[in-house]
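Subject: Structure handover and findings

Hello,

Here is the structure for your files. My notes follow below it.

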2 protein chains.
Amino acid sequence: MQKIAIIVAGGSGKRMGTETPKQFLHIAGKPILLHTFMQFAAVSDVEIVVVLPQEHISLWQTIINQFKVDIKHQVIAGGAERFYSVKNAIGSLMIENEALIAIHDGVRPFASKALIERCFKIAATYGNCVPAIALKDSLRKIDGEKSMIVNRDKYKLVQTPQVFKFTHLNAAYNQAFNTAFTDDASVLEAQKETIHLTEGEDINIKITSPSDLVFAEAILHAF
Amino acid sequence: MQKIAIIVAGGSGKRMGTETPKQFLHIAGKPILLHTFMQFAAVSDVEIVVVLPQEHISLWQTIINQFKVDIKHQVIAGGAERFYSVKNAIGSLMIENEALIAIHDGVRPFASKALIERCFKIAATYGNCVPAIALKDSLRKIDGEKSMIVNRDKYKLVQTPQVFKFTHLNAAYNQAFNTAFTDDASVLEAQKETIHLTEGEDINIKITSPSDLVFAEAILHAF
């Protein structure tokens, strides 16, 4: 069965406060996106696709050359929103109907090989698989100026890779864009797909702020 | 105005998988609880109270001697639940009616002096103040075997210190214990108090898992 990993790296450096888009910032001497890429390269029989803003494609190719990365993959230009980046990718690839597609944040470089493999395996059975973890902090729901405690045991924080059967993914990405789509599970769910969760990983963090960069260096040195 | 900080350190090592309760694990050569304690010691005019399980009080005193900590504070034996620990503390202290009480997790060692001072200041005006931060990951609500996306912009992750006017806190802790009380804000809220949020801090993490220990070491070295 064909397995594809689409690594979406469309972010800017806005929240990071840097000129360099965050996926190109270095941890342990290598760009974050390259760390992410290598996690998927370690999984057997997965075709890797990197989706980047048009203006960053040449930078990625420079990185590939500089770090002597000899792993075949495709590079596709993304859109203005993550939704359009994924849509572009699935629209421009040769994909079998039975294929499983993993979609992963370019700035989430620590998803383990075991987690990636598990998500593919569960998606093969259930049609999709999304990793999620419990909340450690109390959670409050905001309602205008007010807020109220909610039961944190009834909520989970969602990670990637999120794996879907291609036919389901493709059908879902034919709907119109909605700002409520903060991940791919929400796109599929808007088409009545029931999402199947699996346990994520504490260290599978998304690097979006300067403190995350510090955490990322620490993870690389410790694990 | 009297200002008191109650540092609640009742945890066991269960989630950490260690024999040593997590508040006594070391980061950068010092117990986590001592790091937490020193953050409050840096704030002017705050009386510090440490609440510990009875069986750990002598260990804390050993630490105080070993690290030559010469900061006056009180130590109080806690209860079986965090709720009872706080209740014991406020029941056994001499507190003025106008006092402000900060309640803080013993395993949250990076609350900045600025955050602690801001929480006291806001609570002086609004009766309470609770720090909270936005979610970076998508959030799903769990409903039995199913789950659904919710708008993460409508939720916040709650931190400590949580500061309250003593009279409000004392009244709230006269109600019966409820397992829904995951923090002090939820205890006060059950008595119809409106909770006032302020922006928390990314690095103000609660150390509950082995990966948090790695993050904590990194924070200490970077900031």
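Where in chain B is B:Thr179 found? B:Thr179 sits in the loop between α5 and α6 of chain B. Helices here are DSSP runs of H or I with at least four residues, strands are runs of E with at least two, and both are numbered from the N terminus. B:Thr179 counts as exposed, at 71% relative accessibility. On this scale, buried means under 20% relative accessible area, exposed means over 50%, and partly exposed lies in between (1.4 Å probe, protein chains only). B:Thr179 and B:Phe83 are 96 residues apart in sequence, yet their C-alpha atoms are 9.3 Å apart in space.

Some ground rules. This is a predicted model: local features need pLDDT of at least 70, side-chain atom pairs count only at pLDDT 80 or more, and totals for chains, interfaces and linings use all residues. Residues are numbered from 1 along each chain as its sequence is written, chains are lettered from A and ligands numbered from 1 in the order in which they are written, and side-chain values use heavy atoms, with hydrogens and water left out.

Helices of chain B

B:Phe83 belongs to helix α3 of chain B (residues 82-92), where the buried residues are B:Phe83, B:Ser85, B:Val86, B:Ala89 and B:Ile90. Seen down the axis of α3(B), these buried residues fall within an arc of 165 degrees, so they line one face of the helix. The arc is taken from the directions from the helix axis to the C-beta atoms. Contact means heavy atoms within 4.5 Å.

Helix α1 of chain B (residues 32-41) has seven of its 10 residues buried, so the rest of the structure largely encloses it. The buried residues of α1(B) are B:Ile32, B:Leu33, B:Leu34, B:His35, B:Thr36, B:Phe37 and B:Phe40.

Helix α6 of chain B holds B:Ser186. B:Ser186 is buried, at 4% relative accessible area. A polar atom of its side chain lies 2.6 Å from the backbone oxygen of B:Asp183. Leaving out residues up to four places away in sequence, B:Ser186 touches A:Ile149, B:Ala180 and B:Phe181.

The interface

41 residues of chain A are in contact with 41 residues of chain B. The two chains bury about 3900 Å² between them, 59% of it on carbon and sulfur atoms. Buried area is the accessible area (1.4 Å probe) that two parts lose on being put together, summed over both. A:Lys136, A:Arg140 and A:Phe215 supply 17% of the area that chain A buries against chain B, more than any other three residues.

Six salt bridges run between chain A and chain B. A salt bridge needs a side-chain nitrogen of Lys or Arg within 4 Å of a carboxyl oxygen of Asp or Glu. A:Glu189 and B:Arg140 meet in a salt bridge at 2.5 Å, N to O. The elements of chain A that give two or more residues to the side touching chain B are β8 (138-143), β9 (146-150), β10 (155-158), α6 (184-189) and α7 (210-222). Of these, α7(A) gives the most, with seven residues.

B:Arg108 forms a salt bridge with A:Asp137, the closest N and O atoms being 2.8 Å apart. The pair crosses between chains, from the loop between β6 and α4 (113-126) of chain B to the loop between β7 (128-134) and β8 of chain A. B:Arg108 counts as buried at 3% relative accessibility, and A:Asp137 counts as buried at 15%.

Salt bridges within chain A

Over all chains, the count comes to 16 salt bridges. One of them joins A:Arg82 and A:Asp105, with 2.6 Å between the closest N and O atoms. A:Arg82 lies in helix α3 of chain A and A:Asp105 in strand β6 of chain A, so the pair ties together parts 23 residues apart in sequence. A:Arg82 is partly exposed at 22%, whereas A:Asp105 is buried at 5%.

A:Glu199 and A:Lys156 also meet in a salt bridge, at 3.4 Å, N to O.

Best wishes

Terms used
A polar contact is a pair of N or O atoms within 3.5 Å; within protein, one must be able to donate a hydrogen and the other to accept it, and residues adjacent in sequence count only if both atoms are side-chain atoms.
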